[in-house]
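Here is a friendly walk through one model, with helices, salt bridges and a surface patch as the stops along the way. Keep the viewer open as you read.

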Amino acid sequence: MPPSPAPPAAGPAPQRRSLWRRYLDVPLIWKMAAALVAGAATGLAVGEPVTVIQPLGEVFLRLLQMLVMPLILLTLIAGVSSLTPARLGRIGAKIMVYYLLTSALAVTVGVALALAVAPGAGLEPPQGGADPEPAPPVTETLLNIVPDNPFAALAEGNVLAVMFAAVTAGLALAFMRSSGEEPVRAMGELLARAVEAGVELVNRVVRGVLEYAPVGVFALIAVVLGQTGPQALLPLLELTGVVYGGVGAQLVLYAALLAVLRVPVLRFFAHARDAMVMAFVTRSSNGTLPVTTRCARRMGVDDGVSSFTLPLGATVNMDGTAIYVGAATVFVANVAGVQLGLEQLAMVVLVGVVASVGTAGVPGAGLIMLSLTVSQAGLPFAAVALVAGIDAVLDMVRTMCNVTGDLVGTRVVARTEPGMVHTPARGEQAKDAQEQAGPAGGAGPAATAP
């Protein structure tokens with residue numbers, strides 16, 4: 001009797017996924033949303049003692065700030081070296097026109113809503129109040145764009161100076177790569193590969209830092225609401241509503257602009273949502289820059305555009321802050337019992353646009369811009385102290401609007417430049433999924449976008 005055949009060998013038992021692997025599989029936006037809600041509830045419930053967890057949020061902000069300068073330097077050199085000087089000039093001119101026009105529109109929206117609602121009417125102005133720090137003159141800001149020491153600019157976090165140095169280096173690298181001398185061209189290609197490797201290194205660090213984002217988001221929002229509390233918002237609820245409503249109106253205008261240029265609006269905001277949430281919590285356009293750059297790549301925007309427009313926008317484009325300045329200036333006038341005339345309102349709009357560039361890179365830029373417009377309108381400074389009391393709550397939504405405006409401008413400029421928009425980021429999403437799966441996930445090479 002022949003022996004019975006051996007049973008087939010059993011395959012390897014399926015491995016049980018660890019808790020960490022399950023955490024990585026949850027989309028980042030859901031983790032941040034859960035952290036935002038939990039942090040808000042904790043801050044309001046616990047109150048001032050919740051500040052004990054502030055270091056958790058500070059660590060997250062420091063991690064993001066750590067990446068800003070390397071990201072600007074490397075991505076801008078890589079992006080500029082792939083463009084001709086003529087195309088770079090067109091991109092620069094288009095984005096500056098966009099930033100100036102949207103800033104003027106944002107100030108107008110803030111002023112118009114504030115005039116309709118009249119926040120601050122009937123409030124008693126506080127007594128005294130120190131004059132706030134003056135804004136630096138625009139000429140000084142423009143002069144500081146050219147660094148006398150690029151390494152010092154890197155160490156000091158001078159974004160405009162670092163951008164100038166990076167653009168100069170990128171143009172020089174572009175000329176090296178197209179040189180008729182073989183040794184120079186070879187060195188240029190070698191340098192270009194080294195820069196691309198640096199960009200990839202920074203991108204991988206960004207992905208790692210973002211896994212800590214929910215912890216940082218929880219701590220930051222809990223501390224802000226724990227210190228402020230709902231009772232601090234009630235006397236200034238009208239101003240808060242005007243600023244948040246103005247940002248909502250600005251987002252509608254962004255959507256209309258994207259629709260006119262036939263950019264899929266829902267897809268745009270789906271890709272932009274990570275940066276919007278991060279900006280809302282961190283209250284820093286520069287700190288959100290690593291996430292904003294990642295979102296632009298997922299939209300399919302070429303690095304040749306985003307590496308220039310996003311760092312520039314994080315420094316000089318302040319649509320949300322412009323809405324805040326317009327609304328808060330009317331609020332200060334109402335508290336002081338002053339009726340603003342057409343000439344003064346026009347001055348508020350003009351100064352708000354100029355100040356958005358003049359206060360670039362200055363801590364507390366929103367209050368400095370407000371102080372400048374209040375001064376130009378001839379209003380007393382004492383009422384600014386009322387606005388400063390809820391500045392953190394207003395800062396969250398205006399920073400979110402600032403970052404969204406940067407992404408809209410980047411997408412609009414890319415739409416008008418041939419070859420600067422690729423198939424939206426399916427390859428980038430596949431790469432993220434593969435890296436989250438890790439070696440144990442058995443994922444093959446990431447698919448590239450067609």
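Helices here are DSSP runs (H or I, at least four residues), numbered from the N terminus. By that numbering, Asn402 sits in helix 18. The model is a predicted one: local features need pLDDT of at least 70 and side-chain atom pairs count only at pLDDT 80 or more, while totals for chains, interfaces and linings use all residues. Residues are numbered from 1 along each chain as its sequence is written, and side-chain values use heavy atoms, with hydrogens and water left out.

**Helix 18**

Buried means under 20% relative accessible area, exposed over 50%, and partly exposed in between (1.4 Å probe, protein chains only). With a relative accessibility of 4%, Asn402 is therefore buried. Its contacts (heavy atoms within 4.5 Å) are with Ser285, Asn317, Met318, Asp319, Gly320 and Thr321, leaving aside residues up to four places away in sequence.

Asp395 is also found in helix 18, which covers residues 391-416. Asp395 counts as buried because its relative accessibility is 13%. A polar contact is a pair of N or O atoms within 3.5 Å; within protein, one must be able to donate a hydrogen and the other to accept it, and residues adjacent in sequence count only if both atoms are side-chain atoms. The side chain of Asp395 makes such a contact with the side chain of Arg398, at 3.1 Å.

**Helix 13**

How far apart are the end C-alpha atoms of helix 13? They are 19 Å apart, which agrees with the 20 Å that its 14 residues (303-316) should span at 1.5 Å a residue. The expected span is 1.5 Å times one less than the number of residues. Because 13 of those 14 residues are buried, helix 13 is largely enclosed by the rest of the structure. At its start, a side-chain oxygen of Asp302 comes within 2.7 Å of the backbone nitrogen of Gly304.

**Salt bridges**

A salt bridge is a side-chain nitrogen of Lys or Arg within 4 Å of a carboxyl oxygen of Asp or Glu. By this rule there are 11 salt bridges, including these:

| Pair | N to O distance |
|---|---|
| Arg90 and Glu417 | 3.0 Å |
| Arg177 and Glu189 | 3.4 Å |
| Arg185 and Glu182 | 2.3 Å |

Glu417 is buried at 2% relative accessible area, whereas Arg90 is partly exposed at 39%. Both belong to a network of salt bridges that links Arg87, Arg90, Lys94 and Glu417.

Arg185 and Glu182 both lie in helix 8, 3 residues apart, about one turn of the helix. An α-helix has 3.6 residues a turn, so residues three or four places apart point the same way. Arg185 is partly exposed at 29%, and Glu182 is partly exposed at 47%.

**A nonpolar patch**

Patches are made of residues with over 30% relative accessible area and no salt bridge: like charges are joined within 9 Å, and nonpolar side chains (Val, Leu, Ile, Met, Phe, Trp, Tyr) within 5 Å. Areas come from the Shrake-Rupley method with a 1.4 Å probe; for residues, only the protein chains shown count as cover. Met66, Leu201 and Val205 make a nonpolar surface patch of about 270 Å². Met66 belongs to helix 3 (residues 54-81) and is partly exposed at 47% relative accessibility.

Terms used
Helix = DSSP H or I, 4+ residues; strand = E, 2+ residues; numbered from the N terminus.
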